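Hi,

Here is the structure I promised to pass on. Have a look at it first, and my notes follow below.

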Amino acid sequence: AWHIKPVVHNDMWTGPENFVVEANSTADYPITYKPLLMTTEGSKHDSTIFFPLPNGSGLLYQVRGEALPPVSAGTVKINAVAKKRHVELLDVSNWLNRPQRFHCAVEVAESDDSESKMSGAEFIDVAGMATRDYKLTFYCYKEGGTKAKVTFTNPETKEFLFYDVEVTTGPPEDQGTLVLECPVRQKATDRIIISNPLDEDVTFAVSSEDKHVFFPAEVVAKAKSMAHVEVTFRPILPVESETKLSIGSTQLGSFPYLLKLKGIPAGAEGRMSFVVPLGGSETQAFRFQHYANAKTDYACSFSSKGNNGFLCDASVTAHPAGQEGNQVEVNVTFEPTQIGETFRDTLVVTSPVGGEYICPVIGRCVPPKPQGPILLSGDSGTLSFKNVMTQEAKFSFSVDNPCFTVKQEETIAAKKTITVKISYKKSEGHPSTGKLIVSCAETPSTWVYYLNSK
């Protein structure tokens, strides 16, 4: 057998260092062509392989190779997020045993976002037979796909390597968070600034699913400028929630924002004060704004069930409201049953749709004031008198002029009104005027009515 050590005269060609040919036989010698440079037009990579034989002779073969441009070093698939900078590392290998400087070029073949940007450093230096990471940066505004080619070329030798890059861009993440908190029926407002990097004006549409969040339907950002989006939250009911606000355009895609919303219970809606003489009453209107965009009935009551002399409508109806609300009125009456300074209660107006309104009410009851005159027509007349107390009571009626006569006593049920008949008989020496005095053992106060007979 022959044990041969072939000699290859070119680094681009390689083969086994030892080669064995059995006695009285032939053998194939494998030769590998691995070009480090491309061949130019009209030139080839030539080499020789010499096989020294044991008998002192040898065999010389000439080999020739042609090196075409390199194929892609690989397809890099990237999953990116819209409106977020993505950095991808590409391996740049130096196939020579000496340093090489490569010029880097990025060519975008196609993209669903015409404003997408892919870039990196202009040059990269790689030591001989080494590999370095090249930072490729990608940014786009909209969802979709992008295809590009990244080429690394030695300016001196024109040798190069390249990657095919395919980017799939998904929906953007939240661009920010707005925290809006306020009492119900009040407003909390914040602003979002949207930048327009383009050389043309851009119209942004604004949307949100929460009906208690208000904003302009659209805003326009001038070229190379900014737009402000004012966001207002006005809760109707106590609530704590999160929702999304989207600001989007055809050119720049969607800018989503997270809204953290909190509506806390409101305080009192002002105060109502009454000063009423015993036996009388006063009615005032409690006015409030209804903001819900649906018709609803509000139930009206007092926290003490009306035991302090306050009365109100059992319910009121509110119709669908716009952004500024509709005004609704509740009639509140104070009809005290005893003289005093500290009649207090709280009016509560509530609806599962429109929320709750509360208003403190304060009443003061003073002694009855004289009333009249009560004009009698001819020889008779009448007077309406009400038992304002919460229980049945006996009332006494008297006059200071004998020309006038009335029934001396009357038992009146609680909160009932009777008609008091008054008779008049002219008498010489007595005037045609007088006073009717009403008293009750349940109260030290008296009611005085002036009488006059025409």
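Predicted model: local features only at pLDDT ≥ 70, side-chain atom pairs only at ≥ 80, totals over all residues.

**The cores**

Which residues have the most contacts inside the largest nonpolar core? They are Phe-286, Phe-288, Val-349, Phe-395 and Leu-436, in a core of 49 residues. I went through the neighbours of Leu-436 in particular. Leaving out residues up to four places away in sequence, Leu-436 touches Leu-383, Phe-397, Ser-398, Val-399, Val-406, Ile-422, Trp-447, Val-448, Tyr-449 and Leu-451. There is also a second, separate core of 25 residues, and among its members are Ile-194, Ala-221, Ile-247 and Phe-255. As background, nonpolar side chains in soluble globular proteins tend to be buried together.

Val-276 is in strand β24, which covers residues 272-277. Is Val-276 buried or exposed? With 1% relative accessibility, Val-276 counts as buried. Beyond residues up to four places away in sequence, Val-276 is in contact with Ser-281, Glu-282, Phe-334, Pro-336, Arg-364, Cys-365 and Val-366. In case you want a distance to check, the C-alpha atoms of Val-276 and Phe-302 are separated by 19 Å, and the two residues are 26 apart along the chain.

Thr-243 belongs to strand β22 (residues 239-249). Thr-243 counts as buried too, at 14% relative accessibility. With residues up to four places away in sequence left out again, Thr-243 touches Ser-208, Asp-210, Tyr-257, Leu-258, Leu-259 and Leu-261.

**Backbone points to check**

A few backbone angles may interest you if you set this up for calculations.

- The peptide bond from Gly-372 to Pro-373 is cis, with omega near 5°. Pro-373 is part of strand β32, residues 371-376.
- Asn-24 is not a glycine, yet its phi is positive, near 55°. You will find Asn-24 in the loop between β4 (19-21) and β5 (32-33). Asn-24 counts as exposed, at 86% relative accessibility.
- Lys-415, also not a glycine, has a positive phi of about 60°. Lys-415 sits in the loop between β36 (409-412) and β37 (417-424). Its relative accessible area is 33%, so Lys-415 is partly exposed.

**On the surface**

Which residues make the nonpolar surface patch of about 250 Å²? Val-7, Phe-50 and Leu-60 do. Of these, Phe-50 lies in strand β6, which runs over residues 45-52. Phe-50 is partly exposed, with a relative accessible area of 31%.

That's what I have for now. Over to you!

Cheers

Conventions: Residues numbered from 1 in each chain as written. Heavy atoms only, no water. Core = buried A, V, L, I, M, F, W, Y, C linked by side-chain atoms within 4.5 Å. Buried < 20%, exposed > 50% of the residue type's maximum accessible area, 1.4 Å probe, protein only. Contact = heavy atoms within 4.5 Å. Helix = DSSP H or I, 4+ residues; strand = E, 2+ residues; numbered from the N terminus. Patch = residues over 30% accessible without salt bridge, like charges linked within 9 Å, V, L, I, M, F, W, Y side chains within 5 Å. Areas by Shrake-Rupley, 256 points an atom, 1.4 Å probe, with all protein chains shown as cover. Salt bridge = Lys/Arg side-chain N within 4 Å of Asp/Glu carboxyl O.
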